[in-house]
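Colleague: I would like to learn how to read a cavity and what surrounds it. Please start with the terms.

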Amino acid sequence: MSLDDKREEAAAIQRRIVQSPNAVYVAACPGAGKTRVLVERAQRILSDLSSRRGVAILTFSNAAVDEIEKRFGHDYPPFPSFLGTFDSFLWRFLIAPFGTDQGVAARLVPDLGDQLISPTMGRRGGKPMRAFPLRLFDRHTGRLRTDLLGDDRLLVAQVQNAAQYEGFASAVWRNRKQAGYLDYEDARSLAQARIEADAFRPILSALVARFAELIVDEAQDCNPSDLRVIQSLRERGLPVSVIGDSDQAIYGFRHGSAPELRRFAERFGEGDRHRMTGNFRSVSGVSGLASLFREPTPNDEIGALCAKEAEVDGGYVLSYRPYRNTVPASVGQKFIEILEAADLSPFDAPVLAHRENAARRAVGLRSIDRSRQKSFAVRLASNVAAYNAAERHWRTKVSAIDAVIGQLFEYLDLIDEDESFHQALVRHEVELSDYRGAVVDLIAEISPQEEEAEDPSAWLARVKAVFEARIDGGRSRLLNRPRENGISDLKSALIIRDNASCPVSTIHSVKGQQFAAVCVVIPPRNAEELVERLERGQIGEPERVLYVGLTRGQRIAALAVPEVISERLVAITRRLEITFILKKC
């Protein structure tokens, strides 16, 4: 089949999805055009409506909301349509208008589970006990959730007085609920209960009357409770279309499950299930290399629909020799050589990894040990660096701004010992937006100068002077020189990235985006286990994370692996008839 024929076949599948009169389930591979299809389906539904009904489009990140809004352009659907995150939809229509079941106003506190608790909090005298995040304790019973401790035996051993912690945690959860504080998990549970309650049938009828269809994008990010909410809405008469790709299910920490999503798809009739497999984004070499990390494709796979622009386009495996058991800077240097041969800018070619430090090492930056990052100064430097490095998306800048606002609350001692930052915002009756403009100016003023990158003491002294001049009161001692390990972390955070080098990021943070080229790094400590799973044909979340990273690339995707596994990886790719270019770093 020619490339033109494949494109026409893929376009025919898209048209069937757009025109289907029934709600649909769509499995769409990366680059298949699912966002465009989603927008065109919504526009078709709205154009067919003689009444003033709308369409609700839900996804799971603000970045995805922005991308959909951009695709609508000037044709953005007006009221009564809705575009937002899954959680914002539940909050707006099922939680906020009615308060909590305790009869108080509902207050969204996203970081409720991050609050640190200890039975000795607020007590004088006695031996202090270590504080642990509230999320480690069941929100209904207070019992310690050992499943969240994982293999951290040290942490398990430190929670020796579990009964004391559990009693205290149970009281904290109860008090927060009575005050109306809810996090997203609470909100989803409450929304689920209300959808199923007879008392809320009039509310659900109103939603059905307002929305002709609800479209859920990025469904692979759903956890079982999300899927139950979606199914309950369907059972209440609201048509729900679902679009996703189980091969991109990489949020195991949210208990997302690819098998659970596939089972959910079977709730749709066979004629209402569609598969978009044509990749319009990536050249065949990129999609071929990425296919190593996904479940075997079906017989009707259409494949890559993007033609190469240059001979150097395609998939690469970069074999490197670890330096002190970590990723060497030679990886980034080799990737830059490939970009130069393709006449591509490093700005549009990030180096990605599951953990940011592996990507940092690949471009010659120091690692930041976040497990030790308790120093206020180090955290501030990291947040300022994150703001200044957020070149591609404004929401990344907003996240960095909000983190600095949290530190200012800490500096001014506005967060009580027994509350989280967002709880403090609620208590003080203020919004993050109240401070963002002023904090942007502050970040500009304290951003490191080139000479300060190697002299953290000079940067600290300047920041301390700025804080004391601009902020009344405050705990200036927080900006004292950190200990020696903190100085190392501070140096790492203060490094100013060379414009000729590639940006670095985690794979999770670029999900849904696309770039001219990407380099995905596998660090030495993960390599042996990964190649063993591939040899056995096992595909799990670690492999899907790599799949998501590689499929961000349009023209070039490079996979950096330790030389100790490169021959075994080559053998696997030959068996699967995957072609790529092997280069040594």
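Modeller: Ala, Val, Leu, Ile, Met, Phe, Trp, Tyr, Cys and Pro count as nonpolar, Asp, Glu, Lys and Arg as charged, and the others, Gly among them, as polar. This is a predicted model, where local features need pLDDT of at least 70, side-chain atom pairs count only at pLDDT 80 or more, and totals for chains, interfaces and linings use all residues. Residues are numbered from 1 along each chain as its sequence is written, and side-chain values use heavy atoms, with hydrogens and water left out.

Colleague: Which residues line the largest cavity?

Modeller: A cavity is a set of points on a 1 Å grid over the protein atoms alone where a 1.4 Å probe fits but cannot get out, and lining residues have an atom within 4 Å of a point. Here the lining consists of A27, A28, C29, D245, D247, R275, M276, T277, R294 and Y547. These divide into 5 nonpolar, 1 polar and 4 charged.

Colleague: Which strands each supply at least two residues of that lining?

Modeller: Strands are DSSP runs (E, at least two residues), and helices are runs of H or I with at least four. The strands in question are β1 (25–28) and β10 (273–276).

Colleague: What does the UniProt annotation "binding site" cover?

Modeller: Such annotations may be inferred rather than shown by experiment. The unreviewed entry gives A28, C29, P30, G31, A32, G33, K34 and T35. Of this set, A28 and C29 also belong to the lining of the largest cavity.

Colleague: Why does C29 count as buried?

Modeller: Buried means under 20% relative accessible area (1.4 Å probe, protein chains only). C29 counts as buried because its relative accessibility is 11%.

Methods: On a 1 Å grid over the protein atoms alone, a cavity is a set of points where a 1.4 Å probe fits but cannot get out, and a pocket is an open set with protein on both sides within 12 Å along at least five of seven lines; lining residues have an atom within 4 Å of a point. Buried means under 20% relative accessible area, exposed over 50%, partly exposed in between (1.4 Å probe, protein chains only).
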